[in-house]
Each structure stands twice: as structure tokens, then as C-alpha cells.
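Biologist: Hi! Could you walk me through the pockets in this one?

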Amino acid sequence: MRIAIVAVGRLRTGPEKDLIEDYLARFDRSGRPHGLGPVEVIEVDDRKGGGMAGEGKLLDAAIPAGAWRIALDERGKLISSPDFATMLQARADDGQRDMAFIIGGADGIAPALRKTCHASLSFGKMVWPHMLVRVMLAEQLYRAASIRAQSPYHRA
């Protein structure tokens with residue numbers, strides 16, 4: 001199952017980019033035997049200043065057709081890492097070809113786009129900068145593949 005991280009904003013060179021590249025490379029190696037991956041990062045940038053609604057339209061257009069959509073949103077459901085791994089594997093086992101994780105800009109994800117999502121997840125009750133959400137998502141993807149592979153990376 002291919003995975004897309006569809007996000008507002010351009011990630012520049014720096015520690016966040018280094019971490020994301022490292023975790024996604026690890027995910028690619030451990031996820032492939034389980035039908036998970038590759039991951040594509042798709043970035044959109046609303047240069048015309050359309051706000052949340054404009055960003056929502058750009059995000060929606062960038063999501064692969066037929067993808068199972070997951071909004072990363074502070075109002076989303078809190079789940080454990082093992083449950084996240086089970087969710088990913090279940091979608092792959094069900095024959096889902098594409099999954100898209102959607103990360104909004106500073107104002108979040110447009111309500112119209114959130115309504116098109118199959119699920120909404122949260123990394124906690126605090127609000128996180130969208131660049132850090134990318135890092136946390138990349139790490140959780142790698143952790144999920146590690147859990148599926150029964151590697152010692154995830155310890156509960």
C-alpha cells in the first residue's frame with residue numbers, strides 16, 4: 001500500500017527534514033515485506049493567500065485518487081502505536097492501494113476537506129507545529145512497520 005503525506009508548506013533543509021528522511025527510509029525497508037510503502041511526500045503551498053479554504057482545495061487536488069484519507073488534526077482520535085500499526089496493516093490486507101495522511105497549515109485542515117476523510121487522528125491534545133507533525137508521523141510509520149515485523153524497536 002502506497003502512502004502519501006500530503007502537507008501544506010515546503011520543508012527546508014534542517015533537522016526536521018533529516019529526521020523525516022531517516023524515518024521514511026527505515027519505514028521503506030521494514031514496511032515493504034508487509035506490503036507497506038513506499039511513502040511519497042506531497043507538499044502544497046497556497047501562494048495566493050486563500051487561507052484554510054484555499055489550502056484545502058490544494059490538498060484535496062494533491063491526494064491520490066481512491067486514497068483512504070486520514071486527517072491529522074487536534075480533534076482527531078487518540079490511538080496507541082500498536083493500534084496505528086494494526087490500522088495500517090488492515091487497510092493493506094483489505095487491498096487498499098493508497099493511503100493519504102493530510103497535514104494542514106497553521107490554521108489546520110479546512111472543514112470541507114475534513115469531511116472527506118475516512119478517519120481523523122491526533123498526536124495529543126496539544127497543538128503541534130505542522131513540521132513537527134511530519135516528523136512524528138514519519139516516526140510512527142516506521143514504528144508501525146517495526147511492530148508488524150516484530151522488531152525490538154517498539155517496546156511497551
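**Pockets and their linings**

Modeller: Happy to! Let me begin with the second largest pocket: α5 gives the largest share of its lining, 3 residues. Helices (H or I, at least four residues) and strands (E, at least two) are DSSP runs, numbered from the N terminus. This is a predicted model, where local features need pLDDT of at least 70, side-chain atom pairs count only at pLDDT 80 or more, and totals for chains, interfaces and linings use all residues. Residues are numbered from 1 along each chain as its sequence is written, and side-chain values use heavy atoms, with hydrogens and water left out.

Biologist: Which elements give two or more residues to the lining of the second largest pocket?

Modeller: Those are β3, α3 (81-93) and α5. Among the lining residues are Leu-72, Phe-84 and Met-136.

Biologist: And what counts as a pocket?

Modeller: On a 1 Å grid over the protein atoms alone, it is an open set of points where a 1.4 Å probe fits, with protein on both sides within 12 Å along at least five of seven lines; lining residues have an atom within 4 Å of a point.

Biologist: Switching to the largest pocket, how much space lies in it?

Modeller: About 350 Å³, a volume being the space filled by probe spheres set on the points, which are joined across faces, edges and corners. Of its 21 lining residues, Leu-72, Asp-73, Glu-74, Val-127 and Trp-128 are the closest to the centre.

Biologist: Nice. Which element gives the most to that lining?

Modeller: β3, with 4 residues.
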